[in-house]
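This report describes a few features of one protein model. Please look at the sequence and the structure before reading on.

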Amino acid sequence: MEANTVKNYFENPLVVADYLRAAEEVGLWESERIVVEKYVPKTATILELGCGAGRIARGLSAIGYQNITATDFSENMVLAASELAKKYNDNTVCKVCDATKICFAPESFDAVVFGFNGLMQIPKEKNRIKAMREIYRVLKPNGVFIFTTHDRKSKGNEAYWSMESKQWIHGCQNPVLDEYGDIFYKGDHGNIFIHSPVDEEIKDNLNQVGFEILFQAMRSDIAQENALVEDFSDECVFRVVKKS
């Protein structure tokens with residue numbers, strides 16, 4: 001899977017429109033609010049990666065966070081996020097930035113947020129680790145990184161991954177996939193890539209980079225989300241790690 005294939009999906013004006021609608025109608029998840037407020041003080045400098053049309057940045061600004069830099073590798077998403085910030089008179093700075101080569105100096109931020117499983121939409125494990133190293137680099141000492149992922153071993157996925165496992169064993173998996181756990185599925189406006197990891201994989205990646213795990217929990221164990229959030233998204237694992 002090539003990064004440009006993923007990027008082209010998020011440049012699609014129809015996808016941008018969906019994300020902008022979610023930014024205004026769905027807003028910040030209750031679980032996101034709880035986790036961020038627990039680990040990130042309101043005075044913190046925050047870098048958001050994969051900001052989309054500004055849903056999380058807008059939500060955090062609305063509850064008192066004023067030092068937010070929202071970034072995405074999609075120029076069209078950043079434009080939408082910038083317009084949303086202007087609409088609500090937010091102080092959010094919006095900038096095009098690739099998570100695998102972050103365009104900020106070392107130790108620039110108190111916290112980094114990569115929401116809505118965005119880290120897992122980077123193809124190839126080596127590139128996801130590269131992004132983690134970049135995040136580690138731009139965090140201040142003891143800074144926190146908050147992100148979410150799916151869990152390949154969660155209940156309800158057994159049948160799908162059993163079938164996928166057999167296909168990989170026999171070499172008849174989708175040829176565009178690089179690693180077991182990759183998914184390339186049809187959405188409303190094109191095919192969407194995401195990697196669904198297991199817990200051990202994420203912990204190993206974090207350990208390679210040097211992050212210390214502070215917290216992890218399923219979204220449903222953190223908060224009961226409303227119907228709009230449930231319809232917009234699905235279950236995921238929240239993870240909070242610290243730059244040691």
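The model is predicted, so local features need pLDDT of at least 70 and side-chain atom pairs count only at pLDDT 80 or more, while totals for chains, interfaces and linings use all residues. Residues are numbered from 1 along each chain as its sequence is written, and side-chain values use heavy atoms, with hydrogens and water left out.

**Pockets**

A pocket is an open set of points on a 1 Å grid over the protein atoms alone, where a 1.4 Å probe fits, with protein on both sides within 12 Å along at least five of seven lines; lining residues have an atom within 4 Å of a point. The volume is the space filled by probe spheres set on the points, and grid points are joined across faces, edges and corners. Helices (H or I, at least four residues) and strands (E, at least two) are DSSP runs, numbered from the N terminus. In the classes, Ala, Val, Leu, Ile, Met, Phe, Trp, Tyr, Cys and Pro are nonpolar, Asp, Glu, Lys and Arg are charged, and the others, Gly among them, are polar.

| Pocket | Volume | Lining by class |
|---|---|---|
| Largest pocket | about 810 Å³ | 13 nonpolar, nine polar, eight charged residues |
| Second largest pocket | about 660 Å³ | 20 nonpolar, nine polar, nine charged residues |

The largest pocket is lined by 30 residues, of which F116, Y185, I192, F232 and D234 are the closest to its centre. Strand 6 gives the most to this lining of the largest pocket, four residues. Of the 38 residues that line the second largest pocket, G50, D72, F73, F114 and G118 are the closest to its centre. Helix 1 has the largest share of the lining of the second largest pocket, with five residues.

**Helix 1 and helix 2**

Helix 1 (residues 3-11) packs against helix 2 (residues 13-25) at an angle of about 65 degrees, and their axes are 5 Å apart. Axes are lines fitted to C-alpha atoms, for helices over the stretch in contact, and angles run from 0 to 180 degrees between N-to-C directions. Y9, F10 and E11 of helix 1 meet P13, V15, V16 and Y19 of helix 2, where contact means heavy atoms within 4.5 Å. This contact has six nonpolar, no polar and one charged residues.

**Strand 2 and strand 3**

Strand 2 (residues 68-72) and strand 3 (residues 93-96) run parallel and are joined by four bridges; two strands pair if DSSP finds at least two bridges between them. D72 stands opposite V96 in strand 3.
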